[in-house]
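Student: I would like to go through this model and ask what stands behind each label. Could we take it step by step?

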Amino acid sequence: MNKQTKRSWNFIFALVWAALVPAAVNAEVAVIAHPSQNLTVSPDELERIFLGKLKQVDGQSIVPINLKMGSPVRKDFNEKVLGKTESQLKSYWSRLVFTGKAQPPKDVESESEMLELIARNPNMVGYIDKSNLTPAVKLIASF
Amino acid sequence: MKSKINIGIACMGLNMIAPIASAEIMLNGFASVGGGFNDIQNGDGLNSNYSEDKFSADPINKIAIQSSAVLNSLVSVTGQLLAKGTEDYTVDAEWVYLTLSPDDNLDLRFGRLRSPLFIYSDYLDVGYAYPWISAPNLVYRFTFDTVEGMDALYRSSLGKWDTTYQVFYGRLTDEQELFGEELPIDIENFSGINFTLSKGWLTLRASYNIATFDIDTPQSNPGLNALFAGLSSPIGPFPAYPDVIEALEITDEKAAFYGVGAQIHYEDWIFNTEYTELNIDEQSFISDDKAWYAMLGKQIGSVLVHATYSKHEDEPDFSFTSGMSEMDPRRTGAESAVLNSETTQIKLGLRYDFADSTAFKVEVSQSDDDKSDRKANLVAFSIDTVF
């Protein structure tokens, strides 16, 4: 192996490292709401909001928003806050959907779409990777 | 009208997501395919949808499409069209109802709904939503599963517990299997109340239901026809017993059905159980009965391994023949015409969530009726999806 290829391997390795590490080790999920929101929610309340069990906090309607399926931040949120895997959640929601009792939270395509939506809607609660937090939204919890 | 909806949607903060002002329509569906081999060792009827010693796919295959339209913050309409193998794939509207939601916690539904007798009643056809290929058949023992009428669902909380109360009232004309025959059943004043308590890993449910029902008398069972012919005229020293025939016929029977159940999902362990009892004011072909199951499962990655024990027991009341002489050969005939079995079933199964929204399941079960010495083994598999 010559020096040149060795260096490029190192470079690729560093890239892979950079891509994997924040997601796997340092990533923190930020739960966000509209800046005007003075909401305080406990982890338990948050779980119930995203499972469709709690629709109001302090007399105020709360609409949860999910990142699209397959997003690593969503997976993280599911595990840390809801304590469930994607397939357990799918099963949970199918029980409610096919009995007409509830629909799962709406999905957005990306974190930038999430930020935009939360910044505009005082009743919505969503989540993003904490490193993507902007002043347009308010951090209400992190996990 | 239109502006009112716009206001409703804006208030909910959904103006970004629901740009169509007229109605938000949601489409969902589910499907199951699979099959089973019913190895009957003695007697028939333990796995009633499966044919004898042959492969059958009909008991499992089904597809459904559900459409819900949210018209405004008060009214939504839901319909579910289901085609299943046991009904020759004829498309049937399983659910058709209109929901009024006066507030976030209360739903009033009108139309064709599920009769909520059991924990899994509401989504019996949605295989993906539960661990087994189908709910334990000794306990989920009625062939009908809907009611036409109305219900009210109220969600609330008690401390840290989430609670759901449901009351329903309606009527149902459908079919129930009896002596291997699908017979018209008419269930009137079909009503009930149930409540569910849940908190994290634990869910508890209790239900109490009442109804008055009639089922047509079976016509094609030779033994039964001979018995009825025998009872309608005197034999030797013994008189005719039209009152015994009348007792056996299923008319104006007042039934109470209750069930209690629990679901535990603690870390990788799953435990589900239900105990149910049917009590009828008078003995007919149908006897009082009780049935229960307990399931224990362990989740290992995407695989759930589970074992279920279930038991069904009829409790016939033979006082309807007390007017007959012990010597009258028709007495044992009349007594053997009523439902009287004591069946246990052991089921071992596996569910493998091998892809998104898709689960593969395989099960083996052994059923045993102690009273009639019937025995059957069933091996079945399915692929369940939701979309």
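Tutor: Start in strand 5 of chain A, where Val108(A) is the bridge partner of Leu67(A). Keep in mind that the model is predicted.

Student: What makes strand 4 and strand 5 of chain A a pair?

Tutor: Pairing takes at least two bridges between the strands. Strand 4 and strand 5 (residues 106-108) of chain A are joined by three bridges, and they run parallel. They therefore count as paired.

Student: How do you know that strand 4 also pairs with strand 6 of chain A?

Tutor: Two bridges join strand 4 to strand 6 (residues 124-129) of chain A. The cut-off is at least two, so the pair qualifies. These strands run parallel. Opposite Pro64(A) stands Val125(A) of strand 6.

Student: Which residues of helix 5 of chain A are buried?

Tutor: In helix 5 (residues 111-120) they are Met114(A), Leu117(A) and Ile118(A).

Student: What puts them on the same side of helix 5 of chain A?

Tutor: The arc they cover around the axis is only 95°, so they share one side of helix 5 of chain A. The buried residues of this helix pack against strand 1 (29-33), strand 4, strand 5 and strand 6 of chain A.

Student: Now the largest nonpolar core. Which of its residues touch the most other members?

Tutor: The core has 35 residues, and those are Phe30(B), Tyr120(B), Val126(B), Tyr128(B) and Val139(B). Strand 1, strand 13 (288-300) and strand 17 (374-386) of chain B each give it two or more residues. Another core, of 25 residues, lies apart from it, with Leu46(A), Ile62(A), Val81(A) and Leu117(A) among its members.

Student: How many residues of each chain are in contact with the other chain?

Tutor: 26 residues of chain B are in contact with 23 residues of chain A. Contact here means C-beta atoms within 7 Å. Strand 1 (24-42), strand 3 (62-70), strand 4 (75-84) and strand 5 (91-103) of chain B each supply at least two residues of that side.

Student: What classes make up the side of chain B that touches chain A?

Tutor: There are 13 nonpolar, eight polar and five charged residues.

Terms used: Residues numbered from 1 in each chain as written. Chains lettered and ligands numbered in written order. Predicted model: local features only at pLDDT ≥ 70, side-chain atom pairs only at ≥ 80, totals over all residues. Helix = DSSP H or I, 4+ residues; strand = E, 2+ residues; numbered from the N terminus. Contact = placed C-beta atoms within 7 Å. Nonpolar A, V, L, I, M, F, W, Y, C, P; charged D, E, K, R; others polar. Buried ≥ 20, exposed ≤ 12 C-beta atoms within 10 Å, placed from the backbone. Arc of directions from axis to C-beta. Core = buried A, V, L, I, M, F, W, Y, C linked by C-beta atoms within 7 Å.
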